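Hello,

Please find the structure below.

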Amino acid sequence: MPGKIRIGTRRSTLAMWQARLVAELLEKGGLATEIVGIETRGDRVLDVAIAKIGDKGVFTGELEDQLRTGDIDIAVHSAKDLPSELSPGFELIGFSCREKANDVFVSRRSGCDLDNTEVRLRVGSSSVRRRAFLRRYYPHLEIVDMRGNLQTRMGKMQAGVCDFLVLAWAGVRRMGLERFIVRELKTDLFVPPVGQGTLAVEASIHLDPKKMSRVRLCVNHPATETVILAERAFLKTLKGGCSIPAFAHAVIEKDRLFLTGGLISLDGKELIRECRYALPQESLSLGKSVAEQVLERGGRRLLEEIRLELKDNKDG
């Protein structure tokens with residue numbers, strides 16, 4: 001029997017909730033657990049956009065340091081926060097059952113009409129993807145930069161910094177805040193980022209194989225793993241990250257895997273989207289082929305333009 005599983009996580013309320021979910025799955029499988037809270041660079045730097053502090057390991061670096069030393073056995077992440085390629089020596093060993101991947105508008109105010117172009121309403125988000133989609137589909141809304149964990153952003157909205165927030169449905173649900181949802185955005189229009197709605201369990205390749213096997217058996221949801229691997233293969237081929245407004249969403253429909261992936265310009269005016277089917281066992285090749293098609297249809301040029309614009313904004 002493997003010993004106690006030490007679970008590393010960020011310290012935010014949402015991250016701790018997610019770690020407890022993984023702990024419950026492990027304990028149902030007969031494993032003892034301990035949760036270890038760790039502060040990451042992304043948690044410390046809250047006054048600068050992710051795109052300006054660099055997206056490589058912003059929310060994962062410190063957790064990987066402790067995986068490397070063996071101070072923790074596994075790390076629990078929101079799958080959407082992971083870089084497209086892990087650092088050498090680490091692997092993803094499981095994904096929790098995916099919840100809804102949709103983004104939602106939330107508000108503490110009643111009577112605000114999102115579609116009223118006559119009233120100047122403010123929406124908070126720091127995600128480059130969400131901001132690009134907002135500019136495309138809700139150009140009449142004023143976008144306010146909004147960093148911080150979910151509770152911090154909700155507090156800023158309550159204080160009047162903005163009228164609405166755009167958040168992931170899964171995070172809102174996990175924190176019991178569904179009553180503030182005023183609109184659920186369809187995934188075929190406001191396409192989610194890679195991995196939204198599921199948790200990823202990361203481990204060092206040097207973790208005791210018995211522990212690794214038991215953790216995977218307790219946590220991994222095979223159907224979710226199939227769709228997330230397709231999405232991550234897309235992002236890896238695109239060479240995108242948290243600072244690039246890329247999107248990908250895969251689902252299994254009647255024993256076939258369907259992937260939508262693409263790229264949107266920062267101003268929301270240009271959208272490149274590709275959709276394809278494949279067999280579930282072809283998830284990696286599907287993600288790669290969709291990304292290659294996006295790149296061929298103008299994605300290479302658009303990526304270069306996005307990176308130049310982000311660099312100018314960072315330097316400025």
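Here is what was found.

This is a predicted model: local features need pLDDT of at least 70, side-chain atom pairs count only at pLDDT 80 or more, and totals for chains, interfaces and linings use all residues. Numbering runs from 1 along each chain as its sequence is written, and side-chain values use heavy atoms, without hydrogens or water.

Nonpolar cores. These are sets of buried Ala, Val, Leu, Ile, Met, Phe, Trp, Tyr and Cys residues joined through side-chain atoms within 4.5 Å. Buried means under 20% relative accessible area, exposed over 50%, partly exposed in between (1.4 Å probe, protein chains only). The largest core has 32 residues. Phe234 and Leu238 are among those with the most contacts inside it. Helix α10 (283–315) is one of the elements that give two or more residues. α10 gives the most, 9 residues. (Helices are DSSP runs of H or I, at least four residues; strands are runs of E, at least two; both are numbered from the N terminus.) Another core, of 18 residues, lies apart and includes Ile5 and Met212.

Salt bridges. The cut-off is a side-chain nitrogen of Lys or Arg within 4 Å of a carboxyl oxygen of Asp or Glu. The whole structure has 20.

- Arg173 and Glu99 pair at 2.6 Å, N to O. They sit 74 residues apart, Arg173 in helix α7 and Glu99 in the loop between β4 and β5.
- Asp115 pairs with Arg183 at 2.8 Å. Asp115 is partly exposed, at 44%.
- Glu305 and Arg301 pair at 3.2 Å, N to O. Both lie in helix α10, 4 residues apart.

Best wishes
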